[in-house]
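Subject: Structure handover

Hello,

Here is the structure, with the sequence. My notes on what was found in it follow below.

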Amino acid sequence: MRLQVAEILSLLSRNEKRKYLLLAIFSSSLSLFDFLAMTTSGLSGVFAYSYFTSASLPVFLQNFIASAGLDGFPIRTLLICTIALVFILFTLKSVLGLFLNYRNLLFLEQLSLRHSRIGVQNFLNSSFMETKHIQRESIGFALTDGIIQLFVNTLGNFLILTSESIFLTSTLVLLLIID
């Protein structure tokens, strides 16, 4: 797959490569919202346990709360704030993810249309002798659906694969650090 992506990227202009790279970076950075939301969710669980059982907070969490200047707030307030923050972070991640996916699909659609047009022009400029051995269905597929699948499926799936791999790797590293 890497070779396919490299070959497809070689067809792109410098500006298109830069746009694709920016989309990849922004899609991968959405995992930060997942990290923040998961961490905040864990904090809300600790606050809920402490609030409902009247147990004291762990020392490292008490130190963190004191260093953040939040030691004057009751646990109930911290619990409500962390639950609200979890909701806000997951909602923000979803909205930004929808926006980035929309922009990504528009970008890939523009690429496929441009390269489809180039393919049609090249086909029309070729001689009959060059194309007589090619089946009509193959030509139609190559000039329409083939190019769409090439750009949207390959580059789109590679973008998703890259961002999810970064998220999983970061999660594993974070879990190893915590444990």
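Leu11 is found in helix 1, residues 2–11; helices here are DSSP runs of H or I with at least four residues, numbered from the N terminus. This is a predicted model, in which local features need pLDDT of at least 70 and side-chain atom pairs count only at pLDDT 80 or more, while totals for chains, interfaces and linings use all residues. Residues are numbered from 1 along each chain as its sequence is written, and side-chain values use heavy atoms, with hydrogens and water left out.

Leu11 counts as partly exposed, at 45% relative accessibility (buried means under 20% relative accessible area, exposed over 50%, partly exposed in between, with a 1.4 Å probe and protein chains only). Setting aside neighbours within four places in sequence, Leu11 is in contact (heavy atoms within 4.5 Å) with Arg114, His115 and Phe151. From Leu11 to Leu111 the C-alpha distance is 9.9 Å, although 100 residues separate them in sequence.

On helix 2, the buried residues are Glu16, Tyr20, Leu23, Ala24, Ser27 and Ser28. They cover an arc of only 130 degrees around the axis, so they sit on the same side of helix 2; the arc is that of the directions from the helix axis to the C-beta atoms. The 16 residues of helix 2 should span 22 Å at 1.5 Å a residue, and its end C-alpha atoms are 22 Å apart, which agrees (the expected span is 1.5 Å times one less than the number of residues).

Ser28 lies in helix 2, residues 14–29, and is buried at a relative accessible area of 10%. A polar atom of its side chain lies 2.9 Å from the backbone oxygen of Ala24. Beyond four places in sequence, Ser28 touches Ser163 and Ile166.

There are two aromatic pairs, counted where ring centres of Phe, Tyr or Trp (its six-membered ring) lie within 6.5 Å; planes under 30 degrees apart are stacked, over 60 edge-to-face and the rest tilted. Phe35 and Phe167 form a tilted pair, 5.6 Å centre to centre with 40 degrees between the planes. Phe35 lies in helix 3 (residues 31–53) and Phe167 in helix 8 (residues 145–178), so the pair ties together parts that are 132 residues apart in sequence. Phe35 is buried at 13% relative accessible area, and Phe167 is buried at 16%. Tyr51 and Phe52 form an edge-to-face pair, 5.1 Å centre to centre with 75 degrees between the planes. Tyr51 is partly exposed at 37%, and Phe52 is exposed at 64%.

Regards

Technical notes:
Helix = DSSP H or I, 4+ residues; strand = E, 2+ residues; numbered from the N terminus. Polar contact = N/O pair within 3.5 Å; in protein donor to acceptor, adjacent residues only side chain to side chain.
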